[in-house]
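User: I've got this model open and I'd like a quick tour. Can you walk me through it?

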Amino acid sequence: MSLFIVKKSGPLSGEVTLSGAKNAVLPILCACLLTDEQCVIKGVPPLSDVFILLDIIKKTGAKAEYNQITQEVTIKAEYTAGDMSEENEAVKMRASFLVMGPLLSRNGFVKLPLPGGCPIGSRPVDLHLKGFEKLGAKIKQEFGAAEAKASKLKGGHIYLDFPSVGATENIIMAAALSEGVTVIENAALEPEIMDLINFMNKMGAGVFCLGNGTIKVTGVKKLHGAEHTVIPDRIEAGTFMAAAAITNGDITIKNAVYGHIKPAAAKLEECGMCVENSPDGLRVYSVGKRKAFNIKTMPFPGFPTDMQAIFMSIMTIAKGTSMVTETVFENRFLQASEMKRMGADIKTDGRVAVVEGVKKLTGSKVKAPDLRAGAALIITALAAEGSTEIGDIYHIERGYSNIEQKLKALGADIQKVEEENKKEE
Ligand code: UD1
């Protein structure tokens, strides 16, 4: 088992380049199943979530190759199976449910294991299934699997109870090859969804954003192969921004898209950082000491739930009382108890956390409870006296490639070690 050993560091300085966005790559790889022609996806980071999804894609019968050096994936899905219910691997990762829309659309039939809940919440898929139903599919849920069947999907009018990212993506993909026009109201509009739409339109799909959270999909008979480079990862950008903030640093994120990270930039400015957008990248630098600030997570363009734990790290040392309201997931403060082991003063009650900034954090033994909470522990550890040992880092590696090398290049004191070699470090 690997661990991160992080020592108090900073101020971080220098330049960093973001990897392709995990949350854009995963649906885009699934969309490749919508055509029997070859698709080439560039900027695919070597993440465990990507490897798991590629395995599932291969199990549908598609050919998929990943060149880790060029970070390119080639997929050719001449044939795709519809019944994936025996693929228990698929349940390991929630995003694998995104093959449902493309497989239903291609085959008129799909059966997949239902994804389980996860520590941050129950995470149902009812909105995905209701959407398929509106397109004319018959839905069955039994023996731990979800089944959808339709001889021909037909365009429909869908109002999502909540702007779910996954449901929006799955419905767009299912509707792409349907007969007629589909309108999705209260759709999610995250940059990763826009990237999926851009890729699908390169394949010949007719997907348009009409504004006011409405997406229109005009079904087409066939989609063709396409090439696409995925957008830079805005959550990785937020992670480096927080690392700069907690260490009083001055860093430039070369390929950050300002429009994607505005809510994070606004919060950094509130807490005494400067964020400058220039053709050379996004410069994030400290002007004075960190001040308390509040966060309320919301669907895009609100503050992203995936950056909530990461920005809580800054609150742990910011002067004054900060408050976090998590509106997207029901149990997303898993980082709090680990941060408390490092001396943070955090009280949680349901979906609200109150963080009182402390003068000193101290290194401790902690465990990454999930992907973003794990990243938040790395950031917090950069400001903690002594050494912090972070276990269960496989959670972090689901969503970050080479995070320790990128942070090290900015001057952070972080090592990845194997548990048995720990004493030698
Ligand atoms: C995606 C992201 C994840 C991010 C989340 C919210 C990927 C691979 N993952 O997850 O990193 O944290 O968006 O920005 O892109 N819900 C329902 N019924 C449904 C679907 C969702 O009630 O059928 C609820 C969920 O339980 C949750 C909320 O809606 O409370 C948001 O979930 P959703 O936007 O669907 O997140 P994911 O697509 O799973």
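**Hairpins, loops, cavities and a ligand**

Analyst: Let's begin with a pair of strands: β11 (residues 206-211) and β12 (residues 214-218) are antiparallel and share five bridges. The model is a predicted one, where local features need pLDDT of at least 70 and side-chain atom pairs count only at pLDDT 80 or more, while totals for chains, interfaces and linings use all residues. Residues are numbered from 1 along each chain as its sequence is written, and side-chain values use heavy atoms, with hydrogens and water left out.

User: Okay, and what counts as a strand or a pair here?

Analyst: Strands (E, at least two residues) and helices (H or I, at least four) are DSSP runs numbered from the N terminus. Two strands pair if DSSP finds at least two bridges between them.

User: What about β15 and β16, how many bridges join them?

Analyst: Six bridges, with β15 covering residues 273-278 and β16 covering residues 281-286, again in an antiparallel arrangement. Between β15 and β16 of this hairpin there are two residues.

User: And which residue in β16 stands opposite N277?

Analyst: L282 is the one across from N277. By the way, side chains in a regular strand alternate between the two faces of the sheet.

User: Switching topic: what kind of peptide bond links G10 to P11?

Analyst: A cis one, with omega near -5°. P11 is found in the loop that runs between β1 (2-7) and β2 (13-16). F300 and P301 are also joined by a cis peptide bond, with omega about 10°. P301 belongs to the loop between β17 (294-296) and α10 (308-317).

User: Now the holes. How many cavities of 30 Å³ or more does the search find?

Analyst: Two, with the whole structure searched. A cavity is a set of points, on a 1 Å grid over the protein atoms alone, where a 1.4 Å probe fits but cannot get out, and lining residues have an atom within 4 Å of a point. Volume is the space filled by probe spheres set on the points, which are joined across faces, edges and corners.

User: What volume does the largest cavity have, and what lines it?

Analyst: Its volume is about 40 Å³. The lining of the largest cavity includes S19, K22, P45, D233, E236 and Y400. Sorted by class, that lining has three nonpolar, four polar and three charged residues. Here Ala, Val, Leu, Ile, Met, Phe, Trp, Tyr, Cys and Pro are nonpolar, Asp, Glu, Lys and Arg are charged, and the others, Gly among them, are polar.

User: And how much space is in the second largest cavity?

Analyst: About 30 Å³. Among the residues lining the second largest cavity are L18, P232, D233, R234, V257 and H260. At least two lining residues come from each of α8 (234-246) and α9 (258-270). The class count for the second largest cavity is six nonpolar, one polar and two charged.

User: Last one, the ligand. Which residues come nearest to it?

Analyst: D126, S164, V165, D306 and V328, out of 18 residues around the ligand. A residue is near if one of its heavy atoms lies within 4 Å.

User: Which helix gives the largest share of that shell?

Analyst: α5, with three residues. Both α5 (126-134) and α6 (165-175) supply at least two. The shell around the ligand has eight nonpolar, five polar and five charged residues.

User: How far is a nitrogen atom of the ligand from the side chain of D126?

Analyst: The gap is 2.7 Å, to an N or O atom of the D126 side chain. A polar contact is a pair of N or O atoms within 3.5 Å.

Terms used. 1 Å grid on protein atoms, 1.4 Å probe; cavity = no way out; pocket = protein on both sides within 12 Å on 5 of 7 lines; lining within 4 Å. Polar contact = N/O pair within 3.5 Å; in protein donor to acceptor, adjacent residues only side chain to side chain.
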